[in-house]
Amino acid sequence: MKVYCNCCGKQIKMKENTQIALEDFVLIEKNWGYFSKKDGIRQKMTVCEHCFDAWVQTFARKPQDEEIQELL
């Protein structure tokens with residue numbers, strides 16, 4: 001399975017013959033509902049970390065960062 005960033009088109013590196021990503025990315029999925037011009041439509045997009053960081057810089061309000069403990 002090949003995964004591409006919807007912003008820049010870069011292919012996300014995956015471990016060969018698996019669905020394991022070798023670099024991180026954001027997957028955004030939205031089911032549009034009532035009061036939307038897209039009612040009944042589901043949209044999905046993948047954004048690489050580089051494009052995500054650039055995108056966030058355009059926000060009027062930055063996302064809240066919270067450090068988490070990684071669970072093994």
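Phe52 and Trp55 sit in helix α1, which covers residues 49-56. They are three residues apart, about one turn of the helix. Before I go on, note that this is a predicted model.

How many aromatic pairs are there? The count comes to two. One of them is Phe52 with Trp55: the ring centres are 6.4 Å apart and the planes stand at 80°, so the pair is edge-to-face. The cut-off for pairing is 6.5 Å between centres, and Phe52 with Trp55 comes in at 6.4 Å.

Phe52 has a relative accessible area of 26%, which makes it partly exposed. Trp55 is partly exposed as well, at 36%. Trp55 also pairs with Phe59; here the centres are 5.2 Å apart and the planes are again at 80°, so this pair is edge-to-face too. Phe59 has a relative accessibility of 26% and counts as partly exposed. Taken together, ring pairs join Phe52, Trp55 and Phe59 into a cluster.

Next, Trp32. Which charged ends sit over the ring of Trp32? That of Lys30 does, 5.3 Å from the ring centre. The charged end of Lys38 also sits over the Trp32 ring, at 4.5 Å from its centre.

On to salt bridges. A search of the whole structure finds two. In one, the side chains of Glu23 and Lys10 meet, with an N to O distance of 2.8 Å. That pair links distant parts of the chain: Glu23 and Lys10 are 13 residues apart, and each is in the segment before β1.

Thr46 has a relative accessibility of 9%, so it counts as buried; the cut-off for buried is under 20%. What is Thr46 in contact with, leaving aside its neighbours within four places in sequence? Its contacts are Val3, Tyr4, Cys5, Asn6, Cys7, Ile12, Phe25, Val26 and Leu27. Of these, Phe25, Val26 and Leu27 fall within β1, residues 25-31.

Then the loop between β1 and β2. Strand β1 is 25-31, strand β2 is 42-48, and Gly40 is found in the loop between them. Buried or exposed? Gly40 counts as exposed, because its relative accessibility is 68% and exposed means over 50%. One distance for Gly40: from Gly40 to Lys62 there are 22 residues in sequence and 29 Å in space, C-alpha to C-alpha.

To recap the side-chain pairs: the aromatic cluster holds Phe52, Trp55 and Phe59. Lys30 and Lys38 each place a charged end over Trp32.

Conventions: Residues numbered from 1 in each chain as written. Predicted model: local features only at pLDDT ≥ 70, side-chain atom pairs only at ≥ 80, totals over all residues. Heavy atoms only, no water. Phe/Tyr/Trp six-rings, centres within 6.5 Å; stacked < 30°, edge-to-face > 60°. Helix = DSSP H or I, 4+ residues; strand = E, 2+ residues; numbered from the N terminus. Buried < 20%, exposed > 50% of the residue type's maximum accessible area, 1.4 Å probe, protein only. Lys NZ or Arg CZ within 6 Å of the ring centre and 35° of its normal. Contact = heavy atoms within 4.5 Å. Salt bridge = Lys/Arg side-chain N within 4 Å of Asp/Glu carboxyl O.
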